[in-house]
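The sequence and structure come next.

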Amino acid sequence: MEFTYDVVVIGAGHAGCEAAAAAANMGSKTCLITMDMNKIGQMSCNPAVGGIAKGQIVREIDALGGYTGLIADKTALQFRMLNRSKGPAMWSPRAQCDRGKYIWAWREVLDSIANLSIWQDVVTELLVDKGKVAGVSTQLGVVFHAKCVVLTAGTFLNGLLHFGPVQIPGGRVAEPAAYQLTESITKHGIRQGRMKTGTPVRIDKRSVDFSQMEVQEGENDFHRFSYISTPRTLKPLCCWTCFTNDACHDILRQGLPYSPLYNGQIQSIGPRYCPSIETKIVTFPDKEQHQLFLEPEGESSNELYLNGFSSSLPIDVQLRALREIPAFRNVQVYRPGYAIEYDFFDPTQLRHSLESKVVGGLFLAGQVNGTTGYEEAAGQGIIAGINAHLLCQGCEPFTLARDEAYIGVLIDDLVTKGVDEPYRMFTSRAEFRILLRQDDADARLTEKSYNIGLASRKRYELLCKKKADIERIIEFCKDYPIKAERINKVLEQIGTTPLQHGVRLIELLERPQVSFQDLTPHVKALRETLASIEERQEETTEAAEIQIKYSGYIKRERIVADKMKRLEGISIKGRFDYNSIQSLSTEARQKLQKIDPETLAQAQRIPGVSPSDINVLLVLLGR
C-alpha cells in the first residue's frame with residue numbers, strides 16, 4: 001500500500017462520512033481513518049435525522065450531492081413534517097431511523113466510491129511542515145502523507161464519560177477516547193476548549209406499560225429528505241409520549257448532590273437547548289412535568305430511546321426516578337444515560353471554507369468546531385470535503401452565504417461569532433428563512449454543486465425539469481380564467497369568501513385557505529396540467545403552490561438580502577491594523593483584530609461591533 005493521499009479525513013461520524021464522500025467523488029484520492037469500521041455513521045445519541053432547521057440542512061446536503069438524506073430515507077422507521085401549522089419557511093422534515101441499518105447503509109455508500117479508501121486506526125499526530133499540513137501519523141505507527149487533512153473527531157478528543165461519580169475515559173460508551181491529537185494541534189497555536197454533551201437511558205421495550213402512554217404516529221405521504229430517493233421501504237413504527245411527575249422530580253432533586261453537573265465534577269459547557277433532566281428541574285423549578293418521547297432504535301429491536309431524559313446522575317437515581325412514571329413502573333434498561341466531556345477548537349480560527357487560518361490545508365468540521373447534532377456536523381463535513389478537494393486542485397474555495405443556505409448561516413455564525421456553548425441550528429438564526437425553505441434547497445444549491453463537479457448530471461437534469469414544471473404550473477395559473485358561479489360553492493365549503501366576478505386561477509391560490517388539492521377536483525384543465533408532470537408530481541406541485549402564495553414575501557426578502565450583499569462585496573481582510581484605529585470602540589478593536597473578517601458584512605455580524613464602528617471603517621475606505 002501507498003499511504004499518500006490528496007485528502008485524509010479523521011473520524012467517520014456524520015461530518016467525516018460526508019467530507020470523505022465529497023472529496024472522493026470530486027476526484028481527490030481520499031482516505032477515511034476511523035477507530036471502528038463497524039460503526040461508520042454511528043448515531044451516538046438519538047437515531048433520528050432532521051428536526052427544526054436541522055431538516056432543512058439535510059435537504060441542503062442532499063441538494064449538494066451528499067448522502068445523509070438518501071440514507072435517512074432508506075432507513076426511516078417514521079417520518080414527520082414538523083411545524084405544519086406554520087408557514088412553509090418553518091416546515092422541517094424529521095425521520096426516526098434504524099440505527100443498525102443506518103450504519104451499514106453508510107458503509108455500503110463509502111465502499112462504492114472509487115477514490116475512497118478506509119483505514120481502521122487512531123490518529124495521534126498532525127504532521128505540519130512550514131505552516132501547512134503534511135499528513136498524519138497513527139497509533140499503529142503508519143504515516144499518511146496528504147495535501148489536506150479534515151478533522152472530524154466528534155467527542156473523542158480526550159473524551160471523558162460521567163455516570164454519576166463514575167468517570168470512564170472514552171469517546172462514546174464502550175469506545176476509547178483519542179489521545180495526543182489535541183496536543184499535536186494546539187502546539188501550532190490553535191486554541192482549544194472543553195465542552196459537554198449527554199445522552200439518555202436506553203429502555204427495554206418489553207418492560208414498558210404502553211397503556212400509560214400516548215401513541216405518536218408518523219406520516220406516510222410523499223415527503224422525503226432526498227430529491228432523488230425512492231419512497232421509504234421499512235415498516236413504519238410509532239413513537240410514544242408521556243410526562244414526568246412530582247415524585248420523579250423529588251428523586252432527581254435528592255440526587256443533585258451526586259450530579260457531575262452540580263457538584264463540580266464537570267467544568268465544561270453543556271448544551272442550552274438540549275438540557276439534561278436534572279438541568280430542567282433546576283432551571284424550571286415550578287414546572288410540574290416535562291414531556292418525554294419514547295422512540296424506536298430499530299425495526300426489529302427492543303431497544304427504545306427516551307428523548308427528554310438525558311442525564312449524568314448516578315445509575316440508581318435514574319432508575320428510581322423513572323419508576324415513579326406510570327409507564328415505567330417495572331422498567332428495565334440496557335444502559336443508563338451519561339454525560340461526556342471532550343475537546344473542541346475555537347471556530348473563529350477558521351475561514352468560511354472551514355480551513356484553519358493557522359495551519360494551511362487543515363479543515364475542521366462537526367463537534368470539534370463546537371456544534372451539536374448530526375445534521376450540523378454533516379453540513380460542515382460536505383463543505384470541508386469540497387474545499388479540501390478544491391485546495392488540492394488550486395481552485396477558489398466554495399462557500400455559501402447566509403441567504404443561500406442554512407449551512408451558510410451555520411458556518412458564518414461559527415467563524416464570525418464563535419461559540420460559548422454547543423451550537424444548535426434553529427430557524428430563528430436565519431434572517432432570510434423565507435428564502436431558505438426545505439422545499440427549494442435543490443433550486444438554491446444543486447446547480448452550484450454541479451458547477452464545481454460534485455452534484456451528478458442526473459441530479460442537475462432532474463432539477464432543470466422540476467424548475468421548468470414549476471414555471472409551467474405557475475404560468476398556467478396566471479393565464480387560466482375561472483368564473484365565480486363555477487367555483488363559489490367550493491370556496492364556501494372551504495371557508496373562504498366567494499367571488500363577485502371571474503378571476504385568474506392564481507388569485508384564488510394566493511388565498512391562505514385555498515390549495516391545489518381543493519381546486520383540482522373541480523378544474524379539469526388544472527387536473528390535466530398537474531397530471532402531466534412525470535417526476536415527483538406532488539413535490540413539484542407543492543413547490544409551485546408555495547411560490548404562488550408567498551411570492552410577495554419572497555421578493556421582499558430577496559431585496560433585503562441583495563442589499564446586504566453590497567457589504568459582502570467590500571473586502572477588508574488585511575486592510576487595517578484595528579488596534580491602531582482609536583475611533584473604534586475598545587471591544588470592536590479587540591474583536592476585529594482577533595477574527596480579521598473577510599468582508600464588511602462579516603464585520604457587521606461580529607458581536608460587539610456596532611453600526612458606528614462600521615461607519616468608521618466605511619469612512620476609512622473612502623465610502
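A residue counts as buried when its relative accessible area is under 20%. The model is predicted. By that cut-off, the buried residues of helix 10 are Tyr406, Ile407, Gly408, Val409, Leu410, Ile411, Asp412, Asp413, Leu414, Val415 and Thr416. Because 11 of the 12 residues of helix 10 are buried, this helix is largely enclosed by the rest of the structure. The cover over these buried residues includes helix 2 (54-64), helix 9 (374-392), helix 19 (586-595) and helix 20 (600-604).

The length of helix 10 can be checked too. Helix 10 runs over residues 406-417, and at 1.5 Å a residue its 12 residues should span 16 Å; the C-alpha atoms at its ends are 16 Å apart, which agrees. Just after helix 10, Gly418 has a positive phi of about 75 degrees.

A second topic is the packing of two helices. Two packed helices are described by the angle between their axes and the distance between the axes. For helix 12 (residues 457-479) and helix 17 (residues 537-549), the angle is about 55 degrees and the axes are 9 Å apart. That angle makes helix 12 oblique to helix 17. The crossing of helix 12 past helix 17 is right-handed.

Which residues of helix 12 and helix 17 meet? Helix 12 brings Lys466, Asp469, Ile470, Ile473, Ile474 and Cys477, while helix 17 brings Glu539, Thr540, Thr541, Ala543, Ala544, Gln547 and Ile548. The residues of this contact divide into 7 nonpolar, 3 polar and 3 charged.

Two single residues remain. Lys489 is part of helix 13 (residues 484-493). Lys489 counts as exposed because its relative accessibility is 63%. Gly27 sits in the loop between helix 1 (14-25) and strand 2 (30-34). At 40% relative accessibility, Gly27 counts as partly exposed. Apart from its neighbours within four places in sequence, Gly27 is in contact with Asn115 and His389.

| Pair | Separation in sequence | C-alpha to C-alpha distance |
|---|---|---|
| Lys489 and Gly622 | 133 residues | 64 Å |
| Gly27 and Lys287 | 260 residues | 55 Å |

Conventions: Residues are numbered from 1 along each chain as its sequence is written. This is a predicted model: local features need pLDDT of at least 70, side-chain atom pairs count only at pLDDT 80 or more; totals for chains, interfaces and linings use all residues. Side-chain values use heavy atoms; hydrogens and water are left out. Axes are lines fitted to C-alpha atoms, for helices over the stretch in contact, and angles run from 0 to 180 degrees between N-to-C directions. Helices (H or I, at least four residues) and strands (E, at least two) are DSSP runs, numbered from the N terminus. Angles under 35 degrees count as roughly parallel, over 145 as roughly antiparallel, 65 to 115 as roughly perpendicular and the rest as oblique. A crossing is left-handed if the near helix is turned anticlockwise from the far one by less than a right angle, and right-handed if clockwise. Contact means heavy atoms within 4.5 Å. Ala, Val, Leu, Ile, Met, Phe, Trp, Tyr, Cys and Pro count as nonpolar, Asp, Glu, Lys and Arg as charged, and the others, Gly among them, as polar. The expected span of a helix is 1.5 Å times one less than its number of residues. Buried means under 20% relative accessible area, exposed over 50%, partly exposed in between (1.4 Å probe, protein chains only).
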